[in-house]
Amino acid sequence: MKKKKIVLLIAAVFILNSVLCGFAYEGDISDENMQKAASAYKQGVDLYKARAYDSAISYFEKALSFNPRLTDAYYNIASAYIAQKKYDEAYNAYVKVLAINPKDYDAILQAAKISYNRKNYALTMKYLKYIPDDYEKYGEARQLYLDAKELFDSQKGKIARAKETVANKNKRVIIDNFNSPAGVVVDSEGNMYVACFSDNSIVKYDRNKSKTNFVKDYLLDGPIGLAIDNYDNIYVANYESDNILKITKGGNVSVFMNNVSKPYFLYIKNDVLFVSEQGNNAVLTYDLSMPDKM
């Protein structure tokens with residue numbers, strides 16, 4: 001089957017007279033913050049219409065700083081990213097909608113479409129399972145589920161054929177259901193840590209085969225590469241924020257290094273941290289054994 005490209009439509013949520021009404025249920029937010037959120041939201045809409053997408057996103061984020069549960073702002077952020085073909089960022093915005101309202105079926109469908117276009121058919125089906133048959137776009141969701149299932153089954157067939165190789169016949173173990181897994185490291189106790197790019201988390205898979213969110217912190221922004229030192233400190237290539245994070249064994253997160261342009265792969269050898277810097281087509285190194293001097 002040839003994979004269909006699902007068209008991601010820009011959400012039509014710019015109904016200005018609904019903005020203030022949408023704030024009415026936010027009883028824990030002051031009237032002053034309601035008005036500030038409404039003002040920032042409206043400026044974001046105007047900038048979006050002018051196709052100043054980055055500026056529009058900034059104002060929608062400003063609106064969210066005053067009203068964190070304003071899901072329309074997240075929808076508009078997603079629309080602005082889709083207009084720029086930045087689908088990973090749009091996906092993250094829909095995930096934030098679902099963190100506020102897990103039954104927002106429009107957000108579920110959009111997240112499923114992006115997952116489908118990423119060829120993550122298992123995640124596509126997982127999202128679509130939650131859409132009820134009385135949802136107005138159920139027919140579209142159901143067809144997307146069937147398309148994803150057909151491609152997922154085809155992928156499984158390819159995996160089965162790949163198992164004919166010697167490496168796949170011996171000692172191979174698959175640990176699945178990570179959300180866009182990227183970097184992997186193992187600590188001194190045999191626990192595995194996986195950077196999940198799409199949901200900005202570090203997942204721990206311990207020796208007892210238990211999987212938990214080790215870190216899901218606001219500083220995580222597109223984690224890709226991981227490395228671990230002799231003290232079980234984990235270093236994270238934080239791709240979208242252009243920095244390197246450090247996570248202690250106890251799970252404390254801090255910014256270790258700034259101004260790293262699109263860090264990707266990390267590696268530690270003899271107390272030296274190696275970082276591939278995609279944005280500068282370079283590799284930088286840092287001696288972890290030497291104390292920092294200000």
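I started at Ile247 and looked up its bridge partner in strand S8, which is Val253. S8 covers residues 253–257. Helices (H or I, at least four residues) and strands (E, at least two) are DSSP runs, numbered from the N terminus. I kept in mind that this is a predicted model, where local features need pLDDT of at least 70, side-chain atom pairs count only at pLDDT 80 or more, and totals for chains, interfaces and linings use all residues. Residues are numbered from 1 along each chain as its sequence is written, and side-chain values use heavy atoms, with hydrogens and water left out.

**Around strand S7**

I checked how S7 and S8 pair: they are antiparallel, over four bridges. Two strands pair if DSSP finds at least two bridges between them. These two strands make a hairpin with five residues between them, and I noted Gly251 in the turn with a positive phi of about 95 degrees.

Next I followed Ile247 to Ile234, whose bridge partner in S7 it is. Ile234 belongs to S6 (residues 234–238), which pairs with S7 in the antiparallel sense over five bridges. This hairpin has four residues between its strands, and Asp242 there takes a positive phi near 55 degrees.

Is S7 enclosed or open? Four of its five residues (243–247) are buried, so the strand is largely enclosed by the rest of the structure. Buried means under 20% relative accessible area, exposed over 50%, partly exposed in between (1.4 Å probe, protein chains only).

**The nonpolar cores**

I then turned to the largest nonpolar core, which has 44 residues; Ile77, Tyr94 and Tyr127 touch the most other members. Such a core is a set of buried Ala, Val, Leu, Ile, Met, Phe, Trp, Tyr and Cys residues joined through side-chain atoms within 4.5 Å. H3 (71–83) is one of the helices giving two or more residues to this core, and its eight residues are the largest share. I also found another core lying apart, of 14 residues, including Phe214 and Val253.

**Helices H4 and H5**

My last stop was the pair H4 and H5, whose axes come within 9 Å and cross at roughly 150 degrees. Axes are lines fitted to C-alpha atoms, for helices over the stretch in contact, and angles run from 0 to 180 degrees between N-to-C directions. That makes H4 roughly antiparallel to H5 (under 35 degrees counts as roughly parallel, over 145 as roughly antiparallel, 65 to 115 as roughly perpendicular and the rest as oblique). Among the residues making the contact (heavy atoms within 4.5 Å) I noted Tyr94 of H4 and Ile108 of H5.
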